[in-house]
Amino acid sequence: MAPLSWRHHTLLQALLSRGPLSERDFHALFSAISGGKNPATHRQLFNDTLLKINKELTYLQFELRAGINQYDGTVYYGVVNNIADEESKLGSKFSVPQIAFYKGLLEAIVHEARNDGSITNIDALNTRIENQVVIADASQGSQSRLPTSITNFSLSQKEKTLNELIQDRWLSYTPTGKIGLGIRSFLDLRSWLRSNDIPSCEVCNEACIKASCCPNEECNVRIHGYCLKKKFSQRKASRACGCGTEWPRLEGEDDGAEDEDVNEPEEDQVPSTNQHSRTRRRGVKSELVEENERAGPSARMTRRALRSSKAEAVEAAQEVPSAAGPSQSTRASKRRKN
């Protein structure tokens with residue numbers, strides 16, 4: 001197999017030095033090193049590049065994988081460790097009490113009863129870490145033999161550790177201001193989340209940390225918010241759950257009923273014939289006034305006489321006998337002849 005090229009090394013170096021990258025940033029980086037080739041239009045080249053990298057990383061028990069931030073649906077790419085042993089733990093900058101604190105936070109977030117996938121800052125600081133430490137001899141005196149670093153782990157140390165976990169993206173602040181999992185947890189702990197009896201999404205089969213529950217309380221179906229939007233993106237798609245209950249519409253989702261009439265003009269938007277005629281007469285009148293202002297006195301008198309004659313002709317035309325019978329002027333002329 002040919003060795004990795006500088007393009008592969010650039011992708012790996014960016015992920016290792018900067019941490020997980022969003023899909024947008026990772027695609028932009030790939031496009032920059034591949035001569036402007038967009039992964040969306042060169043999907044095969046993109047997949048072959050990642051496959052070649054992962055074949056080399058297999059020898060080190062590492063993997064380049066994609067994961068989704070369940071709080072906003074953003075896709076990220078990152079390099080993760082596929083093995084969890086005591087030797088791999090030596091590479092962590094966190095101490096034993098800090099790791100125990102993270103495990104306690106992880107359990108509290110994962111088992112949050114309302115499937116909100118988050119806990120408050122107060123609940124996070126009140127997390128107990130004593131039960132996160134494994135003691136070889138589980139006798140009655142085990143509590144007294146806990147390391148002092150565990151028993152003396154203070155509130156200020158918890159607060160400092162919490163900030164470090166958020167900064168390193170193991171945890172994150174959710175849009176509601178609570179504490180949730182970070183993208184590194186979603187990437188690294190995928191296997192752990194699947195193996196700990198966490199309900200999976202009905203659509204993508206991934207563990208549901210932040211998900212929507214079926215309105216039917218007796219139904220256990222859970223679906224991620226972004227999976228719901230994708231599932232119901234088609235207007236004619238059925239919104240019925242497996243139990244027969246209709247899923248409520250998502251925030252910002254339209255029902256499509258108003259789209260059919262969006263181009264239909266309203267009655268008051270259609271100009272009538274009378275309105276058009278009145279507008280035209282006003283325009284002609286204004287033109288005559290302007291022309292009269294430019295003309296001299298003799299021209300005004302001549303035009304005034306012409307308008308008078310025209311008015312008399314109009315009145316005479318209105319007195320023309322209609323189909324219903326003769327007019328009064330016709331009957332008067334007949335009487336004079338008699």
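This is a predicted model: local features need pLDDT of at least 70, side-chain atom pairs count only at pLDDT 80 or more; totals for chains, interfaces and linings use all residues.
Local features required a pLDDT of at least 70 and side-chain atom pairs a pLDDT of 80 or more, while totals for chains, interfaces and linings use all residues. Residues are numbered from 1 along each chain as its sequence is written, and side-chain values use heavy atoms, with hydrogens and water left out.

Helix α2 spans residues 23-33. Helices (H or I, at least four residues) and strands (E, at least two) are DSSP runs, numbered from the N terminus. The buried residues of α2 are Phe26, His27, Leu29, Phe30 and Ile33. Viewed down the axis of α2, these residues fall within an arc of 160°, so they line one face of the helix. The arc is that of the directions from the helix axis to the C-beta atoms. Buried denotes under 20% relative accessible area, exposed over 50%, and partly exposed in between (1.4 Å probe, protein chains only). Arg24 and Ala32 are exposed on the face turned away from the buried side. The cover over the buried residues of α2 includes α1 (6-18), β1 (21-22), α3 (43-57) and β3 (75-81). Just after α2, glycine 35 adopts a positive phi of about 75°.

Serine 172 lies in strand β5 (residues 171-173). With a relative accessibility of 17%, serine 172 is buried. Its side chain reaches the backbone oxygen of leucine 181 at 2.9 Å. Leaving aside residues up to four places away in sequence, serine 172 touches Tyr71, Ile166, Lys178, Ile179, Gly180, Leu181 and Gly182. Contact here means heavy atoms within 4.5 Å.

Most residues other than glycine have a negative phi. Glutamine 61 is not a glycine, yet has a positive phi of about 60°. Glutamine 61 sits in the loop between α3 and β2 (62-68) and is partly exposed, with a relative accessible area of 38%. Asparagine 205, also not a glycine, has a positive phi of about 65°. Asparagine 205 belongs to the loop between α10 (190-194) and β7 (212-213). At 56% relative accessibility, asparagine 205 is exposed.

Tyr59, Leu60 and Phe62 make a nonpolar surface patch of about 370 Å². Tyrosine 59 is located in the loop between α3 and β2. Tyrosine 59 is exposed, at 69% relative accessible area.

The structure holds 6 salt bridges, each defined by a side-chain nitrogen of Lys or Arg within 4 Å of a carboxyl oxygen of Asp or Glu. Lysine 93 pairs with aspartate 168, the closest N and O atoms being 2.8 Å apart. This pair links distant parts of the chain, 75 residues apart. Lysine 93 lies in the loop between α4 (86-89) and α5 (96-110), and aspartate 168 in the loop between α8 (155-167) and β5. Lysine 93 is exposed, at 57% relative accessible area.

Arginine 194 forms a salt bridge with glutamate 206, with the closest N and O atoms 2.6 Å apart. Arginine 194 lies in helix α10 and glutamate 206 in the loop between α10 and β7, so the pair ties together parts that are 12 residues apart in sequence. Glutamate 206 is partly exposed, at 24% relative accessibility. For the salt bridge between glutamate 130 and arginine 128, the closest N and O atoms are 3.7 Å apart. Glutamate 130 is partly exposed at 22%, whereas arginine 128 is exposed at 57%. Asp116, Lys178 and Lys210 are linked in a salt-bridge network.

How values were computed
A polar contact is a pair of N or O atoms within 3.5 Å; within protein, one must be able to donate a hydrogen and the other to accept it, and residues adjacent in sequence count only if both atoms are side-chain atoms. Patches are made of residues with over 30% relative accessible area and no salt bridge: like charges are joined within 9 Å, nonpolar side chains (Val, Leu, Ile, Met, Phe, Trp, Tyr) within 5 Å. Accessible areas come from the Shrake-Rupley method with a 1.4 Å probe; for residues, only the protein chains shown count as cover.
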